[in-house]
Amino acid sequence: MENNKNIALVVGATGITGSNLANELISQGWTTYGISRNTNSTIEGLISVKADLLDIESLETALENIAPTHVFFTTWMRNDTEEENIRINSTLVRNLLNVLSPKKSVQHVALVTGLKHYLGPFEAYAKEGKLPITPVREEHPRLPLPNFYYAQEDEVYAASERDGFTWSIHRPHTVIGYAVGNLMNMASTLAVYASICKETGRKFIWPGSDAQWNGISDVTDARMLAKQLVWASVTDKAKNTAFNITNGDVFRWNWLWYRLADYFGIEASGFEKTIKPLENEMKNDKDVWKKIAEKYNLKEYSLERLSSAWHTDLDLGRPLEVMCDMTNSRTLGFTEYQNTEKSFTDVFDRLRTEMLIP
């Protein structure tokens with residue numbers, strides 16, 4: 001067993017949130033384990049643990065000699081229905097906490113969810129027109145709708161009651177950060193789309209709604225989320241609290257879209273009468289990307305590994321402006337700040353450096 005004071009177990013350490021969190025923990029001197037189904041992590045200092053969270057025996061074997069003090073849930077599994085999302089994603093939280101329970105080592109559990117906590121599934125607000133008051137606040141009541149975030153929270157609360165650990169819930173808006181092969185990555189999706197536009201002379205067309213184009217927005221840099229996760233897990237007054245987490249600035253896409261286009265040296269086109277989904281815009285670009293990758297000797301020839309147009313469409317197609325209130329964090333002393341334009345350009349710079357975009 002480890003003697004180090006803080007021993008972290010990051011669930012989903014290869015994802016956009018988990019990988020940035022692992023880097024933050026390691027930089028602060030934590031012993032850091034990353035548990036995932038595949039262990040192809042390139043993070044220096046991360047101890048990879050391969051296990052299937054839906055298989056108790058697999059978990060017991062993998063964690064036999066590991067007694068974490070802090071557990072961070074940063075991932076979920078996407079399923080076809082919300083009922084299935086609830087069943088699968090509550091099970092993976094429950095299984096892990098049940099396996100760790102006899103060790104009596106866990107002091108704090110942090111769970112990352114998101115703004116669907118307030119908005120519900122896309123169908124809920126798109127079809128029923130039930131729009132929450134923005135900025136969304138942590139004390140907003142749960143919606144009377146099936147939501148796997150609620151189910152995951154309830155598993156954490158129940159285990160906390162049983163085992164006596166503290167908890168924190170973290171609700172980021174769209175997470176912007178570096179990660180390859182991540183299924184929900186707006187920054188790399190837009191970088192790939194912009195690179196295709198540049199190569200083919202196409203316009204950088206806004207894919208989203210009028211409300212998102214003209215409304216106030218915010219996003220969450222994965223590095224900010226990582227800092228808040230660590231802060232909440234070691235700050236007594238922040239225990240047993242839910243937190244929104246965003247960069248701390250606000251913007252309108254009708255400004256930022258042109259700034260992103262300028263970075264790539266391409267012509268942007270804003271909202272014009274109707275939503276123009278990115279999924280449609282990029283549906284025939286697999287071969288285009290392959291040619292770009294060959295021409296510039298890029299590392300990744302697969303469009304799917306770098307971009308997720310469907311996810312960007314869900315975020316930018318919302319029929320309402322969405323922004324978060326950060327009072328909970330601010331009043332308890334979390335005052336980190338991140339410039340949003342730089343969140344995007346930092347990812348773009350890194351993708352270029354890593355030879356993933358031209």
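Visitor: Why does Asn240 count as partly exposed?
Guide: This is a predicted model. In it, Asn240 has 41% relative accessibility. Buried means under 20%, and exposed means over 50%. The value lies in between, so Asn240 counts as partly exposed. Asn240 sits in the loop between helix H9 (222-234) and strand S11 (241-245).

Visitor: What makes Lys273 count as exposed?
Guide: Its relative accessibility is 83%. Exposed means over 50%, so Lys273 qualifies. Lys273 belongs to the loop between strand S13 (268-269) and helix H11 (278-281).

Visitor: What is the phi of Lys273?
Guide: Phi of Lys273 is positive, about 70 degrees, although Lys273 is not a glycine. Asn240 has a positive phi as well, near 55 degrees. Most residues other than glycine have a negative phi.

Visitor: Which residues of H10 make the contact?
Guide: Trp253, Trp257, Leu260 and Phe264 do, meeting H7 residues that include Met186 and Leu190. The contact residues divide into nine nonpolar, one polar and one charged.

Visitor: How do you know that strand S5 is largely enclosed?
Guide: Five of the five residues of S5 (residues 108-112) are buried, so the rest of the structure largely encloses S5. His108, Ala110 and Val112 are buried on one side, Val109 and Leu111 on the other.

Methods:
Residues numbered from 1 in each chain as written. Predicted model: local features only at pLDDT ≥ 70, side-chain atom pairs only at ≥ 80, totals over all residues. Heavy atoms only, no water. Contact = heavy atoms within 4.5 Å. Helix = DSSP H or I, 4+ residues; strand = E, 2+ residues; numbered from the N terminus. Nonpolar A, V, L, I, M, F, W, Y, C, P; charged D, E, K, R; others polar. Buried < 20%, exposed > 50% of the residue type's maximum accessible area, 1.4 Å probe, protein only.
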